[in-house]
Amino acid sequence: MIRVSIWNEYVQEQLDEQKFEFVREWNVSEQVQQEFARKAEMIRGIHHGAIHNTLCDLIREEADLEVRHIGTLEMEECGLTEDVLKDTDVLIWWSHIAQEQVPDEIAWRVVRHVQRGMGIIFLHSSHMCKPMRFLLGTSCTLRWREGDFCRVWNVDPTHPIAKGIDDYIELEEEEMYGEYFDIPKPDDHIFSSWYSGGELIRSGCTWTRAAGRIFYFQPGHETNRSYFHPQIRQIIRNAVRWCAEPGIRLEELSCTAVRGPMKKG
């Protein structure tokens, strides 16, 4: 059984409640507040109340995958305690407007667990979260605009994450993310997305850091229905299995002292 934990900042679903201090400090106009409320209601309607509920459902569809923990920004230690991370084979991360609200200490804790062997999957706007930027060492910036028709091309069909996936997937609406995407050269480039505006992006990429495997997957804007597409769901489940596959979990990362060569004679 693969132990999966899901982290969702869980802010946009609650924007109409103005419950987060950093949101209250924005001092936005009444019109913008009404837009916040409309969008929060839309997201809750699409995602059964919260994005992490949608992600939980797609994981639970497979008997070999188990959701062990759900973490959100408002929980103590963001729900990412040492005990939670030790009990996690693969962490799925979704975030957007609260990227900088995750304390550095918590982000580096996640990094250390990835380096010791925990797999991690960053979804959609999580490209700007601290753990991904800290792990990859680049800004992870890109071009973006609101929704557009998207075709996700399978450019590495022999990769395990692409198992059972068609040559391409069509999404009627998805937020446009485009190149240049400031990421280090991927170990594997599995999916590329094209938009009707002509933009392209490397939308499914992997890296390895120490003993941990990383997958970034671009589809999943909060007001779109990409996570309900059967093939998008299958890609995420495939990625969980691939990220967990090494099965290595180191107690610590350290330089190992070794004996010198045997002397002759």
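Modeller: Let us start with T206, which counts as buried because its relative accessibility is 0%, and buried means under 20%. T206 is found in strand β8, residues 200-209, and please keep in mind that this is a predicted model.

Colleague: What makes the contact between R109 and E105 a salt bridge?

Modeller: The side chains of R109 and E105 meet at 3.9 Å, N to O, and because a salt bridge requires a side-chain nitrogen of Lys or Arg within 4 Å of a carboxyl oxygen of Asp or Glu, the pair qualifies. Both residues lie in helix α5 (residues 104-115), 4 residues apart, which is about one turn of the helix.

Colleague: And what makes E179 and R202 a salt bridge, and which parts does the pair tie together?

Modeller: The distance between the side chains of E179 and R202 is 2.8 Å, N to O, and the cut-off is 4 Å, so the pair is a salt bridge. E179 lies in the loop between β6 and β7 (188-195) and R202 in strand β8, so the pair ties together parts that are 23 residues apart in sequence. R202 is buried, with a relative accessible area of 18%, whereas E179, at 26% relative accessibility, counts as partly exposed.

Colleague: Why is Y168 called partly exposed, and where does Y168 lie?

Modeller: Its relative accessibility is 37%, and since buried means under 20% and exposed over 50%, a value in between is called partly exposed. Y168 lies in strand β6, residues 168-178, and together with W153, V155, W194 and L200 makes a nonpolar surface patch of about 460 Å².

Colleague: How do you know which residues of the largest cavity's lining to call nonpolar, polar or charged?

Modeller: The lining residues are S5, I6, W7, H69, I70, G71, G79, L80, V84 and L91. Val, Leu, Ile and Trp are among those that count as nonpolar, Asp, Glu, Lys and Arg count as charged, and the others, Gly among them, count as polar, so the lining has 6 nonpolar, 4 polar and no charged residues.

Conventions
Residues numbered from 1 in each chain as written. Predicted model: local features only at pLDDT ≥ 70, side-chain atom pairs only at ≥ 80, totals over all residues. Heavy atoms only, no water. Patch = residues over 30% accessible without salt bridge, like charges linked within 9 Å, V, L, I, M, F, W, Y side chains within 5 Å. Areas by Shrake-Rupley, 256 points an atom, 1.4 Å probe, with all protein chains shown as cover. Helix = DSSP H or I, 4+ residues; strand = E, 2+ residues; numbered from the N terminus. Buried < 20%, exposed > 50% of the residue type's maximum accessible area, 1.4 Å probe, protein only. 1 Å grid on protein atoms, 1.4 Å probe; cavity = no way out; pocket = protein on both sides within 12 Å on 5 of 7 lines; lining within 4 Å.
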